[in-house]
4 protein chains.
Amino acid sequence: MSSTEINVIEEIELDNPILIEALPGIGHVGKLAVDSMIDELEATKFAEIYSPYFPPQIFIGEEGMIENMINELYYLKDFGENKQDFIFLVGNTQGVSSEGQYEICMDILNYLEKFNINTMYTLGGIATGQPVENPKILGAATDVEMVEFLKESDIEIRYNDGGIIGASGLFLGLGKRKGIVGACLMGETPGYFIDAEAAEAILIKLSDLLSIEVNTEKLDERAEETRKMLEKAQQMEQEMMNKSSNQDVDDLRYIG
Amino acid sequence: MSSTEINVIEEIELDNPILIEALPGIGHVGKLAVDSMIDELEATKFAEIYSPYFPPQIFIGEEGMIENMINELYYLKDFGENKQDFIFLVGNTQGVSSEGQYEICMDILNYLEKFNINTMYTLGGIATGQPVENPKILGAATDVEMVEFLKESDIEIRYNDGGIIGASGLFLGLGKRKGIVGACLMGETPGYFIDAEAAEAILIKLSDLLSIEVNTEKLDERAEETRKMLEKAQQMEQEMMNKSSNQDVDDLRYIG
Amino acid sequence: MSSTEINVIEEIELDNPILIEALPGIGHVGKLAVDSMIDELEATKFAEIYSPYFPPQIFIGEEGMIENMINELYYLKDFGENKQDFIFLVGNTQGVSSEGQYEICMDILNYLEKFNINTMYTLGGIATGQPVENPKILGAATDVEMVEFLKESDIEIRYNDGGIIGASGLFLGLGKRKGIVGACLMGETPGYFIDAEAAEAILIKLSDLLSIEVNTEKLDERAEETRKMLEKAQQMEQEMMNKSSNQDVDDLRYIG
Amino acid sequence: MSSTEINVIEEIELDNPILIEALPGIGHVGKLAVDSMIDELEATKFAEIYSPYFPPQIFIGEEGMIENMINELYYLKDFGENKQDFIFLVGNTQGVSSEGQYEICMDILNYLEKFNINTMYTLGGIATGQPVENPKILGAATDVEMVEFLKESDIEIRYNDGGIIGASGLFLGLGKRKGIVGACLMGETPGYFIDAEAAEAILIKLSDLLSIEVNTEKLDERAEETRKMLEKAQQMEQEMMNKSSNQDVDDLRYIG
């Protein structure tokens, strides 16, 4: 019934890995942080994920080469102070409908079941709508112990305080139902640009929580690149929207 | 084919229970009333319901703990003047698409079939758009006898008068097709805030119809709490909407 | 796989009946005309149709009794000058999504296949956006002979001229693919009220094409009733929209 | 599970044909170019494609005859300098939802698998939002060799530069995953009218890439015809939208 396609590149064995999710979201905070982490720590890609619930489009990347909408899984073995295994979920997109979001998250969690994940961190941004100096990292979690653990790292706990929409929320919620302890870390960001500073702040806290070390020097450069690409993309799409006068493919209203 | 997940916590036997539905809606009138009823009467939860048609998100509740989007079933046995059994359907969300609404309602009704429900009340608010003094309770029903029964409790009958959208309408309609007698009680409410007064009015009428007694003292307090949480949530979402400049997950228009 | 529910009330045998479709649309032109026709000619209901792609709601009808969203099939045997059999498709709603529209239309046409329908008329309104005196009836058809037949009744043929959206268009198109000759009759109407005059005009042309006689006297009264109900419904829904401040069931944008 | 209907008209055998996709899009640039190509080169239609994800409507064409929403496949054998086989994918519509777009593209590519397509060109417009003199043709591709091949024909390569939304992007992306080398050619166009000039520019480049010759003389005439039809259609739909006051088939918000 499900239509998520998971192409396994390498069959691996991991020992109770920690899952870290950072799909695109507010200010690209989580994505920037974890893309950088994968790069710096030289994590290995082991699976590619496609879904018909991704946006029906492609990106044009470097040198005119196209890129499919994709989610990807990377791993690290015996890493950091605790000789811990890690799985990273990253990508260039999320599902575009309610049931698409659920299907993709559920299918990925089901596939990962064999690795016996006990702990999960999902990363995101939290939009302040105004300039942010020294972005705080806010958190929420699936149980009391995790909330306490976050507090020990001076992460401010959100409570009675709205929701977390999209993959960062859904993975946490679905994970909780499967007995996986989880936390969402959210970096304060104005929300309207690619925010390397918030990404750095979240990366520092995450490294602390995971007892690992990550170099954050290249984050600025990475943010700059991402920002340029997205600005062009948005500008182009905006022009198309405004000018195409909807000749062919309208947002239908059924009026016959 | 269906994807609704009904996790039964306790296998129970009930004798022609009356079903009372009160999922979130206008002014939270029904939800406030029945959440309070469950609390005061110490009803027991016997099933949790999840659906991929719920919004793809989680709520952040007390002390930073996350809450899944959920519908829940509670029961009471041999209760009230008539030693009647009751089932309550409550939750923090409804389905987000047309077919999602239908699937969830149908799956819940199908699951409940074994209890031989003969009668159903669905609760909601009816927005007046302006301040309301002494909120009236309006009603509609599946058959003439029920309409008469409502009138006896001084419930004003709506007629030739629009529709009831969402779970409160759909349960009544789908129930009617299964031969379940039903009524919808709608409390007048301005519609733009969590309305404890309308909830109290509806609770008083419902207690009357069911020949039970419910303490309504804590309704104000409960309304205040809900209001605070939702205001924060809305404010946050609004900011995200306005400021995120749709960098990642757009409302797609297909223009290629 | 399909979820359309067709409840057959009476098993009937018909001889190459003509199908007449008139689901709600612009100005309720087609619906008014055919509802009246069914009433005047005393056609018999033989099936009720439900779909999860109908809007998730109910209507409140006379005396506070609720009405499900429904499509209905009626028939007439050996009727009119030509002793012709007829099937009428009417109802209070259409599907609310693109694929819902297709599924409902396909399922109904598949069910009707056993009756060997050769000819189909679909009825609708065409909005002028301004007051209309002596509404014209416009037409389009699946083949040249039908176009000529319409012209003989002084129906003005539309050409290179946009589309027909919803059930009136889709039945014609899907019918054409099944080899059913069809025409769409569209009555000119301002489009913003229930238009008894346009309905009368379309009813007169249709009676002519079908070689039958229909009394149109009660159309005004029927239009007035429908108008009252819909105005109330719209007003109420509008108020709900404006005032509910979207507390519970938002039009989600995925921003996590 | 899939619902795409592919009606094969002629069973054909082809030798590593080149696929050319040109469904409706910005400025109708690709569609105009390839419709003209099919006409001039007398390509033969071999399959018709229908989907419930197409818009639920029909077009009214010449002489009042209705046209179904459709995609079509044409072929040419042993054509041009290289005695090459070609398949052309054209039509009057694209899918209207995210998953619809994916399903249609995937089903068509799966059907075409038996022909062993190695190379694919998808055509589209790129909106400038302002008048264009001497429209440039921009390109993007699935691999380095194809990018070089485009450059040799003086096609300007887009890079780090947004996306390609809809069928032109999706076919390229899904094709890449199947090992098909592909390129998208995009003609600069203001974007708000049917653009024969951009279509001519793209047709000249494409002929060059394919080593074939196509007469472009009738493009102006064809553009004029298409423009007239679409303008009428849009105007009509706009009026319907504005005036119908949403009496029957609303964009539902679930508020019960």
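In the predicted model, helix α2 (residues 98-112) of chain D packs against helix α4 (residues 167-177) of chain D at an angle of about 50°, with the axes 10 Å apart. Axes are lines fitted to C-alpha atoms, for helices over the stretch in contact, and angles run from 0 to 180 degrees between N-to-C directions. The arrangement of α2(D) and α4(D) is therefore oblique, a class left after angles under 35 degrees (roughly parallel), over 145 (roughly antiparallel) and 65 to 115 (roughly perpendicular) are assigned. The contact, defined by C-beta atoms placed from the backbone and lying within 7 Å, involves D:Q101, D:Y102, D:C105, D:M106 and D:L109 of α2(D) together with D:A167, D:L170, D:F171, D:L174 and D:G175 of α4(D).

Residues are numbered from 1 along each chain as its sequence is written, and chains are lettered from A and ligands numbered from 1 in the order in which they are written. As this is a predicted model, local features need pLDDT of at least 70 and side-chain atom pairs count only at pLDDT 80 or more, whereas totals for chains, interfaces and linings use all residues.

In chain C, strand β2 (residues 18-21) pairs with β7(C) in the parallel sense over four bridges, pairing requiring at least two DSSP bridges between the strands. Within this pairing, C:I18 lies opposite C:F86 of β7(C). Strand β6 (residues 71-79) of chain C runs antiparallel to β7(C), joined by seven bridges, and C:Y75 has C:I87 of β7(C) as its bridge partner. Four residues separate β6(C) and β7(C) in a hairpin, where C:G80 in the turn has a positive phi of about 75°.

Terms used: Helices (H or I, at least four residues) and strands (E, at least two) are DSSP runs, numbered from the N terminus. Two residues are in contact if their C-beta atoms, placed from the backbone, lie within 7 Å.
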